[in-house]
Amino acid sequence: MNIDLSGNRIRKLVSQLVSTDLIEQRLKKYPEIACHFSEHIEKCCAEKRYCHQMAWRLGTWTSEHIFGRLDKLLGLVKAMPGWSGERGLLANPQYSNFWSLIWQLQVAEWLVSLGFSPKWNNPGPDLTVEVDGQRVWLECYSTVGLYEPVEFLGEILPAIHPDLKVAYAASGKSAAVDGALLESCVVTVESELPAAVEKAHTGKWPILLYASPDDGAISVRLYGDDIDHYDPSLDCGHTLDFEGHFRRALHQAFRGKIGKNALANNRPNVVMVNLVVNELFQLSVDPVRHLSERPRALIPSNVVTGSPDLDGVIWSMTGIDEKLTTKSSQCVWKQLAHPLRTSVERGSAA
């Protein structure tokens, strides 16, 4: 999903939220971000079809810490062989591309911390390192694609009303939403809002304003101020089955890489999966971390042994402002002789 500006209402909301002054200030403050993204942001603005994913964050987010972290990561990786081939990753205006980029940078930083000299690889798996004379390929995957429309709506709806909240029902169908449906959601919410505001003053809330056609997987509700009028039975869609949610996210992440990016022809390989490069899932980090004393038991059975393409999987819950660390319980190897296993387990124990 791109931040598509073909819809009139989405375009107006984006123009209200994105501060061009703030973008300019941050591009001056963070030289690596400016070096890597200025050209692509300018081109995207000139085309007036999309808001570039980095311009959106630079022009709307309030935290400087995240941009300072990103600037350092970009400074670290720019000298790595093959980085110039990742121009498409920077030019891509797609909203979720931001999270994919961050995760790849975090994995590259992690490899350096283990003593390796990673190289960027395009086309094919994202990164490669040499381990005792043997080449190992790493493919990075973040689960943001599962919740991309939810997150974007969560960022723009407060511009309409501060008490609007979007929810994703994990039991529903795919939350894939194109630009047209996003536009429809916003227009529907705005048309229903005046009556809902009146109702919230005197009646029960939250009040459902929108439910997406895909079994209502995405919904938007208006919340009120008087807690005595809160009715939890109307708050469907905000309580997640953490364990089920975790398992489904892992399963989709692993399944999504089978047969992709020439993994079958680049062996041995490892798929690096991050489950937390997403605001929605970040809220459930602590509950998930306490789901099981044996995290490996949560991984879908035969995820590696049953796949002809995968030689190893390492999953993590790493926020965008954190450094990637791993535990042996978060690693699954098809063979114990995998060349990366010893280094990873040694790093886990450090």
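1. Let's start with a strand pair: S5 and strand S6 (residues 218–222) run antiparallel to each other, joined over 4 bridges. One of the pairings links Leu-208 to Arg-221, its bridge partner in S6. Please keep in mind as you read on that this is a predicted model.

2. Zooming out, the open sheet has 3 strands in the order S4-S6-S5, with antiparallel pairing. Strand S4 (164–168) and strand S5 (207–211) are the edge strands, and each of them pairs on one side only. From one strand to the next, the twist averages 30 degrees.

3. The sheet also has a helix packed on it: H8 (residues 148–156), which touches S4 and S6. The direction of H8 makes about 175 degrees with that of S4.

4. Ile-218 is worth a look while you have S6 on screen, as this residue is found in that strand. Is Ile-218 buried or exposed? Its relative accessible area is 1%, under the 20% cut-off, so Ile-218 counts as buried. Ile-218 and Tyr-168 lie 50 residues apart in sequence, yet their C-alpha atoms are 4.8 Å apart in space.

5. Now to the helix H1 (residues 8–17), where the buried residues are Arg-9, Ile-10, Leu-13 and Val-14. Viewed down the axis of H1, these buried residues fall within an arc of 130 degrees, so they line one face of the helix. On the face turned away from that buried side, H1 carries the exposed residues Asn-8, Ser-15 and Gln-16.

Terms used
Residues are numbered from 1 along each chain as its sequence is written. This is a predicted model: local features need pLDDT of at least 70, side-chain atom pairs count only at pLDDT 80 or more; totals for chains, interfaces and linings use all residues. Side-chain values use heavy atoms; hydrogens and water are left out. Two strands pair if DSSP finds at least two bridges between them. Helices (H or I, at least four residues) and strands (E, at least two) are DSSP runs, numbered from the N terminus. Axes are lines fitted to C-alpha atoms, for helices over the stretch in contact, and angles run from 0 to 180 degrees between N-to-C directions. Contact means heavy atoms within 4.5 Å. Buried means under 20% relative accessible area, exposed over 50%, partly exposed in between (1.4 Å probe, protein chains only). The arc is that of the directions from the helix axis to the C-beta atoms.
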